[in-house]
Amino acid sequence: MTQYSGKFISLEGMDGAGKSTHIPTIISLLEARGVEVVSTREPGGTKLGEQLRELLLHAPMHPETEAMLMFAARREHIAEVIEPALARGAYVLTDRFTDATYAYQCGAKGVASHKILQLEDWVQAGLQPDVTLLFDVPAEVSLQRLSTARAPDKFEREGVVFFEKLRNSYLERAAQFPQRFRVIDANQSLENVKALVTKIIATI
């Protein structure tokens, strides 16, 4: 695995957890240190990735097809955006990475974990975030927040059972990799969550 001078930070959480709300705060905190910050997202982050994002979020397909398309977009993302930025010493902040594939396609949709692991090993060659911030809320809270948001994508239209599987999968990942994950109780006021995020970023 290549060692980089930059830092790689991922934000995770099911739809409605509120993670994206805190991206501007994290960018400001990091830029205040005088470092370059590259903010990106998955699926997406590149021209091809954004095209695949539209398919993934809206087109019906087999869960294994979803997983393979996710990793196809991720390969481009790593090659075009993430690795070059880390190599020049930038902080890369991504809204979702591979933990989302384990949660959505594996945990919630039933793709075998060993298949995800094979794709992960091939595509990432050991690359992992230095820190992952997991924004955690109960499934019911997530769904209630989504009910007042924009037009939902196909994942956001799923029911409470799907969201409970998502949450459990994310918490299992956090328990499996405690050295990387920072679990944030996002079922609090925006001010309290922001304070928790600020405290965590100060340690990175």
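Trainee: How many aromatic pairs does the count come to by the ring-pairing rule?

Mentor: A pair of aromatic rings is described by the distance of the centres and the angle of the planes. Rings of Phe, Tyr and Trp (its six-membered ring) pair if their centres lie within 6.5 Å, and planes under 30 degrees apart count as stacked, over 60 as edge-to-face and the rest as tilted. By this rule the count is four aromatic pairs. In one of them, the centres of the rings of phenylalanine 162 and phenylalanine 163 are 5.9 Å apart and the planes stand at 70 degrees, so this pair is edge-to-face. One aromatic cluster is formed by Tyr104, Phe155, Phe162 and Phe163. Please keep in mind that this is a predicted model, in which local features need pLDDT of at least 70, side-chain atom pairs count only at pLDDT 80 or more, and totals for chains, interfaces and linings use all residues. Residues are numbered from 1 along each chain as its sequence is written, and side-chain values use heavy atoms, with hydrogens and water left out.

Trainee: Is phenylalanine 162 buried or exposed?

Mentor: Buried means under 20% relative accessible area, exposed over 50%, and partly exposed in between (1.4 Å probe, protein chains only). Phenylalanine 162 has 7% relative accessibility and therefore counts as buried, and phenylalanine 163, at 0%, is buried as well.

Trainee: How do helix 4 and helix 5 cross?

Mentor: Helices (H or I, at least four residues) and strands (E, at least two) are DSSP runs, numbered from the N terminus. Axes are lines fitted to C-alpha atoms, for helices over the stretch in contact, and angles run from 0 to 180 degrees between N-to-C directions. Here the axes of helix 4 (residues 98-108) and helix 5 (residues 113-124) come within 11 Å and cross at roughly 155 degrees. That makes the two helices, helix 4 and helix 5, roughly antiparallel (angles under 35 degrees count as roughly parallel, over 145 as roughly antiparallel, 65 to 115 as roughly perpendicular and the rest as oblique).

Trainee: Which backbone value stands out at arginine 96?

Mentor: Most residues other than glycine have a negative phi, and most peptide bonds are trans. Arginine 96, in the loop between strand 3 (91-95) and helix 4, has a positive phi near 85 degrees, and this residue is buried, with a relative accessible area of 11%. Alanine 125 also has a positive phi, about 50 degrees, but this alanine counts as exposed at 52% relative accessibility. The peptide bond from glutamate 42 to proline 43 is cis, with omega near -15 degrees.
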